[in-house]
Amino acid sequence: MTGLLRCFNSSTICNFYPLCRWNNGLPSKIENAKELYPEMANILLGDANRVGRKERLTLANGILLNIPFEDSELESTFFENKSKFTLDIYSLFAKKEVRNAAFDDRENGYWQAFYIVEPVDPESVSLDKKIEIKLDGLTYIRPELSDLARGQFVVLKLNNKYYGPLSLKEDALKRLYVAPLTSSENRGIVDCFEERLDAPVSPIFKVEGINVLVNLKMIFTNPLLVRKTTVDMVSDEALVKEFIRKIPRANGTPEVISRWMLDNLNNGFFDSGSVITKQRALRLLKYLQLNLPESRQIEQIVEMISSAMSSAAKRKPELFEEIYKRVITDQDVLKSLPAHKLIMEDLKELEDKREDLQRQISELEHRKKDKEREAANKRRKSELEKEIELLESRLEDLKEIKDIRKARDDERGELVRIRKEVRLANEELAQVKKEREDFDTQLEGFNKKINETVRTVADLAFDGQVTAKIMAAANRWNDERNTEATRNRVNFLKQIKKSSLTGRALNDELIKRLSRFRKYDPNEFSNMFVCIAQNFLTVFSGTPGSGKTSMCNLIAVNLGLNSIAKEQEVTALWNEQRELANRYVPVSVEKGWTSKRDLIGYYNPLTRRFESQDLHRIECFRQLDAECGVGFQELPYFILLDEANLSPMEYYFADFMNICDVRDSFSYISLGNNMSFKIPDTLRFLATINNDHTTENLSPRLIDRAWIITLPDTDSVTEHSSSEMYEATDFEPINWQNFLATFGKTSSVNLSGSVTELLQTAKSMFNNLGVQVSPRTQFSMANFIQTSSALMKSGDGQSSEQLSLDYAIAQKLLPTINGVGEGYKEQLNELQYWLSDTKLTKSAGILEQIISQGESRMDYFGYF
């Protein structure tokens, strides 16, 4: 991947901004960087302060880097620069995989990358001089880019060709330029490349939209996709000038010059590559043949200039100036003088420099005038501000005088009004005194009647029938009030927004949410959803600390059951008890529970009110009863029985076992004194159980009505507090009907013949173990396979129906195993062989553990 580097704090803190990705040597722009790498489309390079001094030179601000990594290698972080991901740059340096994109010489996987600049005046560009250029459309560096672009390597775009790489420079006026020709002997040679017409993709594209880049243009080149050439930018005049500087003091005939060139072509100026060397030699010979005067004149001019320079340096400095004046004024000599063009070129260059300096002086004078005008404007502004301040002060004085006069007039009118009010008040006071006397008379009469009423009530207080009627009336009033409040809550629940997801989209979204907290196989999550949708009771089994309770809490939170309390209207509807609006009730089961009184509560005949250990439990059933009455079934209600087998579930859960199969208009539970609640299909029970000596066994009757899920093994399970999950998630509640349509039972079951045959074989083998597979269990397994096979992803040679059958046997049939003896063990071994042969690996693995544990328990074999 290629990206831009921003460095802070002496390169100890570095941010990498990805620009493009490379696949099989071809580029792909990263259009959605801010979505992939929030919040600022960057990645923090971790451990940058650990890299060596040599490697740290690579971490220069604004440089373009090639770094090989996959998004899966990124780690989450919450650094102060708002990067959400970090990359271990220290390890990548250790593997020598970090390269400067401008000099990456690897043939495959990466291209070289540079900034693109363009000449200010393309028509007058001369590549043997410095070239004023534009970066990002400007001749200077934007302030926000000054720490990025200065000193970087760029390429010059001219006539659809790219020259460079060249170093970006600034002159004294902060104008940008590049100098293709260097001061070394090997000067005048510039690398150039252009697109190949037969290249599979264009090697050039523009990167924009990155917050720190504004709209800088980038070029990415690959030797396989561009045509590279080397261009000689030295003019004929410059070539001759260099030649004259090196030519020996001898007779300069073409023959002598040619021999000298052949002997001296290995000097630094001419030895720039075999092709350039030959080209320069041929150009020089041709130029000399056309322009060389007679050898006698060459010798005379050389001797004259040499004598003049020696004399000027020793004793007569004005001699050289005199000779120079005569030479340039003698037209005949100029016509035959080979250096004429060079002198004119020098004069022109000096004239260009003079014009350039004059232009700089003019610009400085304009700036000076602008500064003077700005200073004068500031002085004038200061004077005007003082005048305005003085005028405002006078205006305030005038306003104050006006206010004083108005206040005086108002006070006169107020005095008249007050006198009138005093007169009226005196009249009202007289009337009040009279009314007070009348009131005292009436009060005395009322007191007599009250005393008589109190005596009458005291006589009736000990009458049981009267007391009962008063309490009954109070309870009726309280029930009517509760009924009205519940009806208003149902209307509110109908209006809140619910998730519209359904089908595979719902399955994938719920898996994505839960995967943030648990690193399970996606099939495990789909299995939980199907079990909850199709069964009134779903049991989570396992050893203490395996994450059963937190898994149930996570399911409720990610289904949006705890998000309702965040709605603004909840406070008024639930009488300041916002948590009662949530549709998830965790219940901690205690040792010694014997009936539904311990789970829900009971009706107190003395107070004639229902009493419960937890107000949320009874409010749950009141709410469900009201929703059932109006046919509202869009939101589920989950009740968690935590540590459910601390007491026998058949005792306190008995009333609910009767409605496990079907919830309709006839499904209800009775709480005494003609008090009952209807149970709709939106209610689901989750239970967690432990398998140790402190707990009770589950009866076959309960196992026949529930599905037993054993959580998969994982390296670590992190518990999340309720407050942490409340703050971390804020999901819309799911629509229960959409949930049932995705994970619930189907109207008809159509399994393949092979799976139907496997089901019958499994039934027969469990019959041999003394387990009678009931029609309820068979129907439940078939529905599970029908639904889950469309959602789970199969592998390892299993079909989707085989995978679902594997889960069904593991969760519905294996929990019924309970026996002793060598014969029972042989039956289990036969079952284990069959499960392995049919590739039902999950069930085979669980059964193998059961057999292994049974052998260590004196041949007692059991699931729990």
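Is lysine 839 buried, partly exposed or exposed? Lysine 839 is partly exposed, with a relative accessible area of 41%, where buried means under 20% relative accessible area, exposed over 50% and partly exposed in between (1.4 Å probe, protein chains only). The structure is a predicted model, in which local features need pLDDT of at least 70 and side-chain atom pairs count only at pLDDT 80 or more, while totals for chains, interfaces and linings use all residues. Residues are numbered from 1 along each chain as its sequence is written, and side-chain values use heavy atoms, with hydrogens and water left out.

**Overall make-up**

- The protein has 28 helices and 28 strands; helices (H or I, at least four residues) and strands (E, at least two) are DSSP runs, numbered from the N terminus.
- Of its 864 residues, 41% count as buried.
- Among contacts in the protein with a separation of 6 or more, 72% are between residues 24 or more positions apart, contact meaning heavy atoms within 4.5 Å.

- Two packed helices are described by the angle between their axes and the distance between the axes.
- Axes here are lines fitted to C-alpha atoms, for helices over the stretch in contact, and angles run from 0 to 180 degrees between N-to-C directions.
- Helix H14 (residues 522–534) packs with helix H26 (residues 800–813) at an angle of about 60°, and their axes are 12 Å apart.
- The crossing of H14 and H26 is right-handed; a crossing is right-handed if the near helix is turned clockwise from the far one by less than a right angle, and left-handed if anticlockwise.
- On the H14 side, Asn523, Glu524, Asn527 and Cys531 meet Leu803, Tyr807 and Gln811 of H26.
- By class, this contact of H14 with H26 has three nonpolar, three polar and one charged residues; Ala, Val, Leu, Ile, Met, Phe, Trp, Tyr, Cys and Pro count as nonpolar, Asp, Glu, Lys and Arg as charged, and the others, Gly among them, as polar.
- With helix H23 (residues 736–743), the axis of H14 comes within 9 Å and crosses at roughly 115°.
- H14 and H23 are therefore roughly perpendicular to each other, a term that covers angles of 65 to 115 degrees, with those under 35 counted as roughly parallel, those over 145 as roughly antiparallel and the rest as oblique.
- H14 passes H23 in a left-handed crossing.
- In this pair, Phe529, Val530, Ala533 and Gln534 of H14 meet Phe739, Leu740 and Phe743 of H23.
- The contact of H14 with H23 has six nonpolar, one polar and no charged residues by class.

**Backbone features**

- Most residues other than glycine have a negative phi, and most peptide bonds are trans.
- The peptide bond from glycine 164 to proline 165 is cis, with omega near 10°, and proline 165 lies in strand E12 (residues 161–167).
- Lysine 174 is not a glycine but has a positive phi, near 65°; lysine 174 is in the loop between strand E13 (169–170) and strand E14 (176–178).
- Lysine 839 likewise has a positive phi, about 60°, and is in the loop between helix H27 (822–837) and helix H28 (841–855).

**Selected side chains**

- Glutamine 832 belongs to helix H27 and counts as buried at 13% relative accessibility.
- Apart from neighbours within four places in sequence, glutamine 832 is in contact with Ala844, Leu847, Glu848 and Ile851.
- Cysteine 620 is buried, with a relative accessible area of 0%, and cysteine 660 counts as buried at 8%.
- The count of disulfides (pairs of cysteine sulfur atoms within 2.5 Å) comes to zero.
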